[in-house]
Amino acid sequence: MVWFFEYYDGCGLAIKVKKKLYEAEGVQKVEIYETESMGKMLVIDGKIQLTELDEPFYHEMLVHVPMLSHENPRKVAVIGGGDGGALREVLKHNVERAVLVDIDRNVIDLSRKFLKIDHGAFEDERVEIAIMDGKEFLRDCEIFDVIIVDSTDPVGVSDTLFDREFFELARQKCDVISLQSQSPLIQKEYFRTLLVNSAPFERRDVYLSCVPTYPLALWSFIIGGEYDFSNLEERFERIKGTTVHYNPDVHRAAFALPEWLKKEVEACI
Ligand code: SPD
């Protein structure tokens with residue numbers, strides 16, 4: 001019996017593995033597993049990035065919350081997200097152009113070959129792929145309606161996507177941004193850093209999803225910029241029937257924060 005373990009701060013998660021499908025060492029260590037009960041699993045630098053079972057709980061919330069909070073998102077950038085899950089969700093909308101920016105070509109190539117959760121997104125004619133650091137991309141890029149930051153934890157190559165300069169650049173390049181902002185329960189320092197450094201987006205809010213294979217399952221996101229939730233039902237018609245997790249009720253409920261988290265957020269914003 002083989003188990004994959006991910007340890008956090010004094011606790012962890014164990015997932016029974018049937019087979020390791022691939023491992024590559026390059027910009028990052030990328031591993032892909034077939035698990036017993038969660039489907040295929042992507043691990044980068046020892047941290048679970050997704051399992052087939054719960055990845056929609058993450059990708060749909062990361063993508064549809066900002067996309068449906070914008071009146072008409074036509075040009076979208078996904079920074080990180082080389083597995084293609086976020087890109088797949090972006091393409092459900094009426095976009096004319098989607099740029100995926102990932103520093104690690106291995107993540108894209110191995111995900112296409114072994115995971116296939118992009119559902120053909122990488123072959124879509126609206127998509128352009130840029131292999132480079134996300135912050136460097138922002139220095140010279142065009143203006144987007146929505147920018148989505150689908151990063152790994154802020155250690156190693158993702159560091160640059162968490163600092164103040166990144167958000168200063170992003171503010172000049174989009175109406176609405178969304179980003180994954182780690183576990184607010186067990187990764188408080190990462191979470192606080194993101195809340196503070198995203199200040200160039202003067203208006204910003206935290207929302208939540210349950211992602212069972214992420215540390216302690218409670219996962220946070222930040223939305224920033226000129227978002228509005230006024231026409232969610234009407235806008236949802238654009239993608240209705242294509243989601244397994246997202247709907248307008250879940251969207252609104254995700255912004256209801258418990259008291260301990262409200263205090264955290266108020267202390268940083
Ligand atoms: N510790 C896990 C953090 C994962 C956030 N990014 C996931 C990328 C999936 N596209």
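Visitor: Helices here are DSSP runs of H or I, at least four residues, numbered from the N terminus. Going by that, which helix do arginine 252 and aspartate 249 both lie in?

Guide: Helix 8, three residues apart, which is about one turn of the helix. Keep in mind that this is a predicted model. Arginine 252 and aspartate 249 form a salt bridge, with 3.2 Å between the closest N and O atoms.

Visitor: Buried or exposed, what's aspartate 249?

Guide: Aspartate 249 counts as exposed, at 52% relative accessibility. Arginine 252 is partly exposed at 37%, and glutamate 233 is partly exposed at 44%.

Visitor: How many salt bridges does the count come to?

Guide: 25. One of the pairs is glutamate 136 with arginine 139, whose closest N and O atoms are 3.1 Å apart. Both lie in helix 4 (residues 134-140), three residues apart. They also belong to a network of salt bridges that links Lys135, Glu136, Arg139, Asp163 and Glu165.

Visitor: Switching to sheets: what's the strand order in the open sheet of five?

Guide: It goes 1-2-3-4-5, with antiparallel pairing. Strand 1 (2-7) and strand 5 (47-51) are at the edges with a single partner strand each, so one side of each has no neighbour in the sheet. The twist averages 45° from one strand to the next.

Visitor: And how many bridges join strand 3 to strand 4?

Guide: Five, between residues 29-35 and residues 40-44. Valine 30, for instance, has isoleucine 44 in strand 4 as its bridge partner.

Visitor: Which residues form the nonpolar patch on the surface?

Guide: Met1, Trp3, Phe5 and Tyr7, with about 540 Å² of accessible area together. Tyrosine 7 lies in strand 1 and is exposed, with a relative accessible area of 57%.

Visitor: Last one, the overall picture. How many helices and strands does the protein have?

Guide: Nine helices and twelve strands. The radius of gyration is 17 Å, close to the 18 Å that the globule rule gives for 269 residues, so the protein is as compact as a globular protein of that length. Its C-alpha trace spans about 50 × 45 × 35 Å along the principal axes, and buried residues make up 56% of the 269.

Terms used: Residues are numbered from 1 along each chain as its sequence is written. This is a predicted model: local features need pLDDT of at least 70, side-chain atom pairs count only at pLDDT 80 or more; totals for chains, interfaces and linings use all residues. Side-chain values use heavy atoms; hydrogens and water are left out. Two strands pair if DSSP finds at least two bridges between them. Helices (H or I, at least four residues) and strands (E, at least two) are DSSP runs, numbered from the N terminus. Axes are lines fitted to C-alpha atoms, for helices over the stretch in contact, and angles run from 0 to 180 degrees between N-to-C directions. Patches are made of residues with over 30% relative accessible area and no salt bridge: like charges are joined within 9 Å, nonpolar side chains (Val, Leu, Ile, Met, Phe, Trp, Tyr) within 5 Å. Accessible areas come from the Shrake-Rupley method with a 1.4 Å probe; for residues, only the protein chains shown count as cover. A salt bridge is a side-chain nitrogen of Lys or Arg within 4 Å of a carboxyl oxygen of Asp or Glu. Buried means under 20% relative accessible area, exposed over 50%, partly exposed in between (1.4 Å probe, protein chains only). The radius of gyration is taken over C-alpha atoms; the globule rule is 2.2 Å times the number of residues to the power 0.38.
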